[in-house]
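Please find below a colleague's note on a structure, written for a reader who is new to the subject.

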Amino acid sequence: MIKNIIRNNRNTIYLTLLVFFVISIQSILPLKNNDLIKTATARGAKSEIKVAVFPFNVIAKEDYSFIGQGMGKMLCSRIAADGLFEVKCFDTVPSGIDLNNDELNRDKIAVIPELQGIEAFIVGTITIVGESVSSDVRLMLFSLSSSDASAYSPELHYFSENGSGIGDVMRHASVISGKIKGFLRGDTLASDSIVSLSDSGAKENRAATSQEPSFSVSRKSTLFSRDSTAAIAPDSSFSSKETSGKIHRSELFRSRNLDMEARSMTIADFDGDGIKELVIIDAHNLFLFTFGHNQLVRKGEYKVGHYIDQISVDAADANGNGRAEAWVTALGRGNRLRSFVLEWNGSQFETLLQDEGWYFRKIPYNDRDILMGQKRGIEDTFIGPIYEIGLEGSHIIKKTKQIPSSFELFGLAVGKTVEHGKEQSAMAETSSFIWLDEDSYLNLGSESGQKMWKSGRAFGSTALFIDEDMGTNQLKKRRYLSQRIFLADLNNDGGDEVITFINEDVAKGYLSGFRKFNQGYVEIMTWKNMNMLSLLQESPVGGYIADISFDDLDGETGKELAYMLIKNSGTILDKNNTTVVVEKILK
């Protein structure tokens, strides 16, 4: 079933995890002060130390290897941040070496090319027990230049942090990286414990300030690396400078806090009176609102069973009777699509279709918005081509227009990119496809999937994810759903601007299977100088944006920008609530 990550994060993801691990408690002997001082002095030449960081093991009932992968990356970037150390980040442990083996010595690492010259090896384990999370790090130090027999084996230094909730791993990374850097700079109090191996090979453990147990598991995690395309020119700074005319926004309306955690919204004329209404859904309810005189008034609602999870809602008058239908994408038991279509009969919603195996989404396609659909596979969240769909009696029909299966329905738009009124030559023969990929990067390219541009930063996503079935005896994978993209020529240059929103992930993409959003903002971009540049200088707001719409809601001149902001209520019940914001875009 689809889950709301914010609710899960707030309650530490409701983890009930069974942990299997072996705790090796070794005899601890007093450390001689001059041994520790000698080590600190030897490590005082900071810039000469070469450090290798490896992905962490994760001890947990479920597959949370992405946390171990992200921890390795976070430590690597933090230790390398000030440029004092030469840091090498490993996606995997080189073959022929076991970093969990305390018998590691200089001869064993000397025969592995990737490890030549490295003096500091950083490995670790993250242990998850219910709501408790422990990060235990082992720093193995070799003195490669020393001829002393005692330097043949590494000194082992331990660092650890404990906390509550998976999100606390980010704090662990910051604290532990600071301790490691302090120790390598010669701070004798930075290490939690130290273990030195004698020249005879017998292990002689010596405690410095604490007696933290070491954790060792045999399973290794493979660090995920993002694919890169040489032909793509990312906008690493994501400029906020004015390009083809400054865009401003004027707030028209901000609702009171609605006691619901909304998921999706759409604007259309549902009752056929020529005035558009607003539909909002949460997990199990659909609400119809009228908007006028600076207020939202609830006109109707529709409830679904507790076994149905609503994902998104779109609107289209597919049967041509002058009243838009509400096309609701929903999941049932076993992650099976159970989407349905509703129509307002003047007093309540009636069900036109139910248990449909389609995702629905109305997307911008050149000069109009088209209702399109895509199927779900057994193992894949999205599968097959994207079809323009319609209604014929009580059946959904596929129309002639379709988009290749290389694209996904959510987070997709089709339009034109122009500069100074002229289409870019590389895109002149076909429409420009704008899409958010699985890692939440914005892309611009052709229908064939050839990329012309890719953003230098992730745009986040919605707070909703689907558990992907990875096959027999395989653990499930979280797949976050992309936000909407709207297109409109806001600065009258003949080309489309991109309207969407960005939710800031506190993990900054390091934890691919876990996202927690603490702020969001609307983004409007234009294409110039072979780059997508921002037309807004937006200040993020606390919380996250659930959905966005761009339509004529007030019945006056032009379209309005409407979005839903989700924030914690701050009450003892720790619930989220929703604020609806309506703004006018000004040039």
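This is a predicted model: local features need pLDDT of at least 70, side-chain atom pairs count only at pLDDT 80 or more; totals for chains, interfaces and linings use all residues.

1. Four strands form an open sheet in the order β18-β19-β20-β21, and their pairing is antiparallel. β18 (309-316) and β21 (349-356) stand at the edges with a single partner strand each, so one side of each has no neighbour in the sheet. On average, neighbouring strands of this sheet are turned by 20 degrees against each other, direction ignored.

2. Within this sheet, the antiparallel strands β19 (residues 325-331) and β20 (residues 339-344) are joined by three bridges. A326 stands opposite L342 in β20.

3. The whole structure holds 22 salt bridges. One of them joins R484 to D314, with the closest N and O atoms 2.7 Å apart. R484 lies in the loop between β33 (477-480) and β34 (486-488), whereas D314 lies in strand β18, so the pair ties together parts that are 170 residues apart in sequence. R484 counts as buried at 6% relative accessibility, and D314 counts as buried at 1%.

4. E388 forms a salt bridge with R368, the closest N and O atoms being 3.9 Å apart. E388 belongs to strand β24 (residues 383-392) and R368 to strand β23 (residues 368-375), 20 residues apart. E388 counts as buried at 10% relative accessibility, while R368 is partly exposed at 45%.

5. R457 and E504 also meet in a salt bridge through their side chains (3.1 Å, N to O). R457 is in strand β31 (residues 451-458) and E504 in strand β35 (residues 497-505), so this pair ties together parts 47 residues apart in sequence. R457 counts as partly exposed at 21% relative accessibility, and E504 is buried at 18%.

Definitions and conventions:
Residues are numbered from 1 along each chain as its sequence is written. Side-chain values use heavy atoms; hydrogens and water are left out. Two strands pair if DSSP finds at least two bridges between them. Helices (H or I, at least four residues) and strands (E, at least two) are DSSP runs, numbered from the N terminus. Axes are lines fitted to C-alpha atoms, for helices over the stretch in contact, and angles run from 0 to 180 degrees between N-to-C directions. A salt bridge is a side-chain nitrogen of Lys or Arg within 4 Å of a carboxyl oxygen of Asp or Glu. Buried means under 20% relative accessible area, exposed over 50%, partly exposed in between (1.4 Å probe, protein chains only).
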